[in-house]
There are 4 protein chains.
Amino acid sequence: MAIVLGANQYGKAEIRLLHISRDDGSHVITDLNVTVTLSGDLAATHLTGDNAAVLTTDAQKNTVFAFAKEHGVDQIEDFALRLARHFVDSQAAIWFARVAVEQYPWERLGDHTFCRSGREVRTAMASYDGRESWMVSGLRDLTLLNSAGSEFWGFARDRYTTLAETTDRILATAVNARWRHAGPLPPEPGSQRAVEGGPGWADSYRSARDMLLAAFADTHSYSLQQTLFAMGQRVLEGRPEIAEIRLSLPNKHHFEVDMSPFGLENAGEVFYAADRPYGLIEGTVTRDGAPPPGKAW
Amino acid sequence: MAIVLGANQYGKAEIRLLHISRDDGSHVITDLNVTVTLSGDLAATHLTGDNAAVLTTDAQKNTVFAFAKEHGVDQIEDFALRLARHFVDSQAAIWFARVAVEQYPWERLGDHTFCRSGREVRTAMASYDGRESWMVSGLRDLTLLNSAGSEFWGFARDRYTTLAETTDRILATAVNARWRHAGPLPPEPGSQRAVEGGPGWADSYRSARDMLLAAFADTHSYSLQQTLFAMGQRVLEGRPEIAEIRLSLPNKHHFEVDMSPFGLENAGEVFYAADRPYGLIEGTVTRDGAPPPGKAW
Amino acid sequence: MAIVLGANQYGKAEIRLLHISRDDGSHVITDLNVTVTLSGDLAATHLTGDNAAVLTTDAQKNTVFAFAKEHGVDQIEDFALRLARHFVDSQAAIWFARVAVEQYPWERLGDHTFCRSGREVRTAMASYDGRESWMVSGLRDLTLLNSAGSEFWGFARDRYTTLAETTDRILATAVNARWRHAGPLPPEPGSQRAVEGGPGWADSYRSARDMLLAAFADTHSYSLQQTLFAMGQRVLEGRPEIAEIRLSLPNKHHFEVDMSPFGLENAGEVFYAADRPYGLIEGTVTRDGAPPPGKAW
Amino acid sequence: MAIVLGANQYGKAEIRLLHISRDDGSHVITDLNVTVTLSGDLAATHLTGDNAAVLTTDAQKNTVFAFAKEHGVDQIEDFALRLARHFVDSQAAIWFARVAVEQYPWERLGDHTFCRSGREVRTAMASYDGRESWMVSGLRDLTLLNSAGSEFWGFARDRYTTLAETTDRILATAVNARWRHAGPLPPEPGSQRAVEGGPGWADSYRSARDMLLAAFADTHSYSLQQTLFAMGQRVLEGRPEIAEIRLSLPNKHHFEVDMSPFGLENAGEVFYAADRPYGLIEGTVTRDGAPPPGKAW
């Protein structure tokens with residue numbers, strides 16, 4: 001049986017770019033980590049080392065920097081989509097491009113002074129196949145904790161089950177969420193629209209993020225799965241431009257310390273924050289009848 | 001349009017287990033990181049917080065430890081498969097289980113003394129749906145470097161291409177490889193066979209690993225893609241029990257330092273080892289007519 | 001010549017503790033990483049394995065949890081000092097204790113809901129030798145950036161100097177600062193005073209932190225060294241209870257991307273954020289005539 | 001009271017350098033991480049931003065690369081010392097230089113092919129004040145485990161002590177060791193001598209490392225402190241050129257999993273490898289009457 005090349009892709013990962021907009025007296029900074037991934041007619045470089053179809057990953061890096069200069073950055077969705085379209089439209093051998101962007105948040109301290117906020121990282125992932133575009137927005141590392149309103153009981157029991165039921169536990173997680181915009185995306189990048197006729201990327205992001213926070217805060221939880229679904233549902237109910245959301249929620253365990261050996265009673269006051277292992281709860285919440293995802297993910 | 005639950009899964013991640021076999025005078029240690037992922041009839045916990053179908057992630061952790069006691073560990077493929085089968089076969093609500101194991105290598109210094117080798121981590125991922133099983137073996141973080149025998153030229157050029165062609169560059173990567181066994185897997189875990197009638201897991205792993213090293217070493221490379229294909233091809237040619245291999249190869253750039261400002265000529269002697277960005281080359285090599293992957297990945 | 005035991009210490013590192021104060025309707029959470037280090041009459045355990053003088057690191061961990069229950073946490077300086085005094089005063093063999101605490105900041109989203117801020121980590125390090133106490137407060141990972149008001153020129157030049165002078169560069173750093181309180185510390189832990197008759201720990205911290213930010217923002221900088229001194233000076237001028245401050249400032253390089261190969265001019269808009277190598281500027285600013293540091297560091 | 005500048009230093013950290021020696025058919029690679037730290041007459045740059053005395057950290061980086069070209073690297077002690085002497089001897093304002101080098105080990109797979117070993121990192125730290133030189137060699141991240149021959153009992157007990165005594169535990173650590181050469185160092189770098197008339201750096205390192213391994217392996221341990229002293233003693237007894245050794249040994253806890261709830265007996269077979277907290281045992285072993293350390297550390 002012949003040995004053949006299967007699916008393949010290549011690109012430049014983790015291009016760290018800082019853009020400063022100096023248009024007015026007060027600077028605006030945008031701090032990004034950009035990863036480009038391309039696929040297409042690339043059998044030759046794999047099979048014979050003929051690189052005629054290979055746009056170098058060095059050129060991809062240069063393009064990211066040059067586009068920041070030529071077009072600015074502004075919303076990362078627009079920036080990612082502009083790059084994805086460029087690579088496919090300008091390179092005959094490239095049939096599909098995906099550009100993933102992470103944006104690190106900074107707070108303004110002055111006209112030219114900024115403090116990096118370690119809060120959530122905003123993300124965007126644009127995909128383009130020469131005809132259609134897809135957009136996934138999201139965030140990661142949004143660490144949340146409820147010190148009340150979380151129970152966990154009534155679960156299955158087998159020979160290896162020793163966990164005690166509880167009606168009052170700490171629920172903590174680091175939210176990793178990505179949501180797919182229902183499209184159609186605006187025909188031109190830079191239009192600042194999440195979907196045609198819809199809100200802007202910035203509004204869409206901020207609102208989705210706030211809904212995730214609010215749903216985590218006000219859901220009385222019987223399982224992290226229930227909280228996950230509530231978070232996804234909240235976003236889909238509130239943001240019609242979003243078709244689907246995928247959540248990955250580590251259960252950051254906080255174990256109540258047993259103080260009975262010291263003659264003390266720990267009434268939910270002192271906890272050990274564990275590193276590993278951790279529960280990992282992952283799920284998709286989607287809108288019935290939403291347009292299919294195509295190559296969005 | 002209704003908002004509905006889509007694909008979901010849960011489990012315990014990164015269970016750090018050390019197993020000591022004391023069967024004879026000389027101990028054998030096995031150092032693992034185990035991640036369990038389950039899916040099935042889990043709508044209730046998401047929608048209402050009814051956890052009757054939820055085998056707790058704490059019990060999953062306990063099971064991993066208990067199975068190490070009851071059955072030993074030995075080859076990680078067997079250990080992973082035994083666990084995957086257990087969760088599906090013993091829990092009515094669980095339809096699919098995946099158990100991923102990382103094994104950290106240790107070198108023996110004495111009967112009871114060991115030194116951790118930081119070389120590659122061996123991996124295995126067993127999947128089971130109640131009827132069929134799939135096995136993916138692999139390794140990660142095998143860092144290799146060729147200081148000769150690597151060229152890169154003849155690539156596409158566009159407005160943003162500035163990279164110089166070279167007929168002598170450093171080629172370095174950290175191999176991340178996973179390969180799918182063609183099956184059928186042996187009906188019982190613990191049989192120590194990679195596939196029915198085939199070699200053992202240990203032999204299969206060691207041989208595949210050695211072939212990756214050999215192909216990296218003796219391929220005169222015109223692109224990292226070419227080296228990737230050669231590595232995959234070597235494994236498939238040599239190991240009939242393997243149907244498909246997926247490689248993810250970061251291009252760990254080493255840039256020759258320009259010493260002309262100091263009046264020195266750098267004849268390929270001094271390089272700057274860059275962190276980011278890095279090229280990332282990913283591809284699959286497969287056997288034409290191999291059995292379909294099913295739920296292996 | 002005889003081989004002898006020199007300086008030695010031991011303890012439990014990185015005890016991760018979450019404390020919840022439930023005194024009123026609105027919870028208060030305190031998220032800590034505590035490291036205990038003890039030294040004293042410990043030759044026997046080193047030389048013969050006689051552990052009679054060894055308070056186990058496990059007991060040290062238990063003590064940290066128990067003290068959080070018995071005394072609460074509140075200001076980390078008080079918590080650290082109470083623990084340090086306990087270990088020396090209760091163990092005859094222990095002559096010196098140091099307790100270092102890191103506090104991770106959380107923002108309140110609701111009565112029982114919190115979001116972890118990734119901003120700076122607050123630190124405290126209490127030392128006690130059975131008679132005297134010393135306190136060092138501080139912060140780390142406060143990442144700051146000035147996009148204007150930073151120059152670097154007029155530096156020494158040697159054969160290996162190629163750096164261009166600049167009158168407009170980005171200045172970015174991650175502030176790591178520790179400052180010593182001049183004492184005398186209050187005789188009893190829990191008094192909430194930074195020094196006797198002085199402000200509280202919380203006020204002292206908040207004010208010192210704000211002064212670091214302000215000095216970074218409003219110093220027109222000719223070198224990161226100059227900014228370092230200005231930051232330290234600002235704190236010492238404003239906080240009489242602080243005798244000395246030590247700053248460690250990595251120079252997080254942002255290199256302007258050369259776009260001339262693409263026919264573009266980069267007017268300070270697009271920068272590459274480098275990982276390694278980085279400049280590292282470290283210095284102490286002190287008050288002339290301040291009390292000696294003793295065993296504070 | 002005046003506010004004054006205290007101790008200060010600056011330099012370039014983490015210069016990642018790969019050197020290839022192509023002298024004969026078989027290449028030799030040396031993979032380093034170099035950190036330069038300088039101090040001297042640097043008040044002006046702190047107080048006024050006058051940089052006339054500042055050798056830029058960029059030039060320091062260039063010097064590291066250029067010296068690798070001009071002199072080769074070979075033993076990291078020689079390389080570090082040559083650099084330290086250069087900075088002080090060539091810059092009037094620089095009175096003290098310290099150059100710290102980490103060397104990542106690679107195994108040879110062929111004439112031009114190498115595989116990175118993740119075993120211990122070799123380290124060297126050279127210090128020079130214009131008259132005298134000091135050398136500290138060492139290693140870090142040498143992870144060792146004894147599955148027999150370790151006890152821990154007879155320790156102090158207080159109200160918070162709950163740990164059970166044991167006559168059979170796992171002892172695991174990641175050795176971080178640094179040792180000071182007694183000097184006098186050879187007058188010229190590149191002489192390949194650890195001390196005048198003594199062995200070469202390579203032999204000295206290899207032998208010290210082997211002695212650390214051997215002492216860990218064959219010491220029946222009643223405490224990690226005892227093992228620490230035995231390791232240091234072994235090195236000092238065997239290597240007359242070494243005056244002092246400092247060891248930092250995390251106690252990498254492995255807890256035996258309690259399987260009684262599952263009706264199983266765990267006879268020292270299955271352990272949970274914990275991340276945090278961990279014990280941290282640190283100590284110095286020295287030769288009575290050794291020359292004073294001066295500015296070695």
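Trainee: How many residues of domain 1 of chain A are in contact with domain 2 of chain A?
Mentor: On the domain 1 side there are 15 residues, in contact with 14 residues of domain 2 of chain A, where contact means that the C-beta atoms of two residues, placed from the backbone, lie within 7 Å. Helix 3 and strand 7 (121–128) of chain A each supply at least two residues to that side of domain 1, and the largest share, 5 residues, comes from helix 3. By class, the side of domain 1 that touches domain 2 has 3 nonpolar, 4 polar and 8 charged residues; Ala, Val, Leu, Ile, Met, Phe, Trp, Tyr, Cys and Pro count as nonpolar, Asp, Glu, Lys and Arg as charged, and the others, Gly among them, as polar.

Trainee: Before I go on, what kind of model is this, and how is it numbered?
Mentor: This is a predicted model, in which local features need pLDDT of at least 70 and side-chain atom pairs count only at pLDDT 80 or more, while totals for chains, interfaces and linings use all residues. Residues are numbered from 1 along each chain as its sequence is written, and chains are lettered from A, with ligands numbered from 1, in the order in which they are written.

Trainee: Where do the domains of chain A run, and how far apart are their centres?
Mentor: Domain 1 covers 9–131 and domain 2 covers 139–297, with bounds that come from an automatic or database domain assignment. Their C-alpha centres lie 28 Å apart.

Trainee: And what does chain A contain as a whole?
Mentor: Chain A has 5 helices and 13 strands, taken as DSSP runs numbered from the N terminus (H or I over at least four residues for helices, E over at least two for strands). Its C-alpha atoms fill a box of roughly 75 × 65 × 40 Å along the principal axes. Of its 297 residues, 56% count as buried, meaning that 20 or more other C-beta atoms lie within 10 Å of the residue's own, whereas 12 or fewer makes a residue exposed and anything in between partly exposed.

Trainee: Is helix 2 of chain A mostly covered or mostly open?
Mentor: Helix 2 of chain A is mostly covered, with 11 of its 15 residues buried, among them A:Phe65 and A:Phe67. The cover includes strand 1 (3–13), strand 2 (15–21), strand 3 (28–40) and helix 3 (76–90) of chain A, and also strand 13 (278–287) of chain B and strand 12 (270–273) of chain C.

Trainee: What span should that helix have, and what does it have?
Mentor: At 1.5 Å a residue, the 15 residues of helix 2 (residues 57–71) of chain A should span 21 Å, and its end C-alpha atoms are 21 Å apart, which agrees; the expected span is 1.5 Å times one less than the number of residues. Just after helix 2, A:Gly72 takes a positive phi of about 70°.

Trainee: Switching to the chains, how many residues do A and B each put into their contact?
Mentor: Chain A gives 69 residues and chain B gives 69 residues. Strand 1 of chain A gives the most to the side of chain A that touches chain B, with 11 residues, and that side has 30 nonpolar, 27 polar and 12 charged residues.

Trainee: What does strand 1 of chain A pair with over there?
Mentor: Strand 1 of chain A pairs with strand 13 of chain B in the antiparallel sense over 9 bridges, where pairing requires that DSSP finds at least two bridges between the strands. A:Val4, for instance, stands opposite B:Thr286 in strand 13 of chain B.

Trainee: Then what about B and C, how many residues touch?
Mentor: There, 7 residues of chain B are in contact with 7 residues of chain C, and the chain B side divides into 3 nonpolar, 1 polar and 3 charged.
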